[in-house]
Amino acid sequence: MSEEIVILGKKYSSKDRVRADRTDKLYEDIPEGETLLKIEDLNVTYRTDNSTTVAVDNISFDIKKGELLSIVGPSGCGKSTILRCIGGLLQPTSGKITIGDKECTTAGSDRGMVFQDFALFPWRSVRRNIEFGLEIAGVPKEERRERSTRYLKAMGLEEYADHRIHELSGGMKQRVGIARAMIMHPAVILMDEPFGALDAQTRNILQHSLVEVLKNSHRTIIFVTHSVDEAIYLSDRILVLSKRPATIHNILEVPGERPRERAAPEYAELRRKILDYLESQNTIF
Amino acid sequence: MALKYDEHNKYHRLARTGVITVISLIVLLWVWWLVSTIIQKTMDFNTSPLATPGEAFVALFDFFNNGDPIEHRSMWSWIWSSLSKFIKGFLLALVLALPVGLLMGYFKILREFFTPWVEVLRPIAPIAWAPIFVIIFQATNGSIMVVFVGIFFPLLTNIVFGVQKIDTKLLDAAKTLGASRMQIFVKVVVPSTVPYLMNGVKVGLGVGWMCIVAAELYNTTLSGIGYFVKFMIDNASYDYAFAGIIIIAVLGLLTTGVAEYASKCISRRMGLDA
Ligand SMILES: Nc1ncnc2c1ncn2[C@@H]1O[C@H](COP(=O)(O)OP(=O)(O)O)[C@@H](O)[C@H]1O
Ligand SMILES: [Mg+2]
């Protein structure tokens, strides 16, 4: 794995390159469907000057390789907090997060992230946004271009390659966000309400695009959403959280291959069950 | 033919601004004329220190054609000696404020340490340094240093502010794409600070231009448009002094105009508005 490779006259240790921009290759020996990511006794307590808030209370769960796991829960229950911990953007108060046998303590390109408000670099073109991670990893320009072209195509962004971010619609922006995370082949992609800022129609289109992309390229995804329909349409499993401090209420399997029919009667009961629970967790005052 | 103002027509808006500006300037000249005439009539000066617009423009025309009335040095050489000092002071401020500001913005400990320095030194009017700087650095470099002080602080505070205003989501995004602290600094912090830097440049150029003119009043060498004004007043050639003042106003307008335009272009190119 660590032989030297020469790209355009530059020498790279292939091991470093794989580490930086194909982290999924580091876990090739883990078969699909086996545990890839482990969250053990995760606890997050926020401290401010005059209060402490327990946001996440001793949560443990696993993510299997190749699955799409949704996390739903009442708003403010700690979903983003969990995701930020996995992404290494937030230090948990206690608990352990491991990918394969490596403990995650800081952020890295092995855990890609897609943000609700896109978080794209406004001074970069669409293409250069998508190439950002490759640039960071030291991938030579020619190869970057070739790889970003593939993702531009897959996301239907070819015409917009040289556009600036502010020239795009919300849906287009999130396509860039998804491409920017996926091009790095992270071991797991963390999506925090990625379609939450979009209108209902655009949302549906993007959900469908995501399913299409996943058909051609297997990925492990943790998908936070507050839409039960979205969770049912996309996920293999749904993790249902209680109100704050987040504890796990239930983990539900969603049967059926993707693409799924929206509002299919076979999901009615599952949908009802989750919605009823979430309603019971609503704190109305 | 009825001419009706249309707010959504670019040419209408432009014409409106143009017409109002011209009228405004004419009224300003008239007020100047009125005040200077009243002073000349009511006060018992040999020559009033307040030249009328007519006298000033005649002097300006002569200055342009024949140079100053005493040494006969060309108008451009007087202007250029101010401009070159101004540019040097500006570049010096930029070269120093940029790294210092970025580092102060990025590293909290540096910010905490240097903020008291900045807060103590910043409120001092830059021109207060002029007499000291002229002694230490001589006339030319002393003026450059005054300009430097005038431009440095607006630049610095804007850059520090800009670094702290960075969208933390962008930093998060860069981290999850594998960027190191150094890479984040170069590829995220620096570019997103540019609009704030440009804002600092805009403010700084305005202050700097005031500084160079004022600093030259302390000069003893025949150089710079500020010194020209003093030179003419000492010589009781008030009309030429006012010609100098007109040049100062126009050049000040030009520098801030150029900065404004550059800042707009750059912000647009960067896809940022600040
Ligand atoms: N930086 C913070 N400081 C203090 N409290 C926070 C902070 N971030 C989030 N919280 C609190 O933690 C709880 C969970 O937040 P979050 O994870 O964003 O919820 P969700 O994403 O499920 O809506 C909320 O009640 C929120 O107010
Ligand atoms: Mg959230």
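## Ligand 1

In this predicted model, ligand 1 is surrounded by Y46(A), A55(A), S75(A), G76(A), C77(A), G78(A), K79(A), S80(A), T81(A) and R244(A), a residue being counted when one of its heavy atoms lies within 4 Å. Three of these residues are nonpolar, five polar and two charged; Ala, Val, Leu, Ile, Met, Phe, Trp, Tyr, Cys and Pro count as nonpolar, Asp, Glu, Lys and Arg as charged, and the others, Gly among them, as polar. Helix α2 of chain A (residues 79–87) contributes the most to the shell, with three residues. Helices (H or I, at least four residues) and strands (E, at least two) are DSSP runs, numbered from the N terminus.

Polar contacts are pairs of N or O atoms within 3.5 Å. An oxygen atom of ligand 1 is 2.5 Å from an N or O atom in the side chain of T81(A), and an oxygen atom of the ligand is 3.0 Å from a polar backbone atom of G78(A). A nitrogen atom of ligand 1 is 3.4 Å from a side-chain N or O atom of Y46(A). The protein covers 63% of the 560 Å² of accessible area that ligand 1 has on its own (Shrake-Rupley method, 1.4 Å probe).

## Interface of chains A and B

Contact, meaning heavy atoms within 4.5 Å, involves 20 residues of chain B and 25 residues of chain A. The two chains bury about 1,900 Å² between them, 68% of it on carbon and sulfur atoms; buried area is the accessible area (1.4 Å probe) that two parts lose on being put together, summed over both. T176(B), L177(B) and K187(B) supply 36% of the area that chain B buries against chain A, more than any other three residues.

## Domains of chain B

An automatic or database domain assignment gives domain 1 (1–50) and domain 2 (51–269) in chain B. Their C-alpha centres lie 29 Å apart, and the contact takes ten residues from domain 1 and nine residues from domain 2.

The domains bury about 750 Å² between them, 71% of it on carbon and sulfur atoms. On the domain 1 side, W32(B), P49(B) and L50(B) lose the most area, together 56% of what that side buries.

## Backbone geometry of chain A

Most residues other than glycine have a negative phi, and most peptide bonds are trans. N58(A), in strand β4 (residues 51–64), has a positive phi of about 45°.

A cis peptide bond joins R244(A) and P245(A), with omega about -5°; P245(A) is in the loop between β11 (237–241) and β12 (248–253). The bond from R258(A) to P259(A) is also cis, with omega near -5°, and P259(A) is in the loop between β12 and α9 (268–281).

## Conventions

Residues are numbered from 1 along each chain as its sequence is written, chains are lettered from A and ligands numbered from 1 in the order in which they are written. Local features need pLDDT of at least 70, side-chain atom pairs count only at pLDDT 80 or more, and totals for chains, interfaces and linings use all residues, while side-chain values use heavy atoms, with hydrogens and water left out.

Key: Polar contact = N/O pair within 3.5 Å; in protein donor to acceptor, adjacent residues only side chain to side chain.
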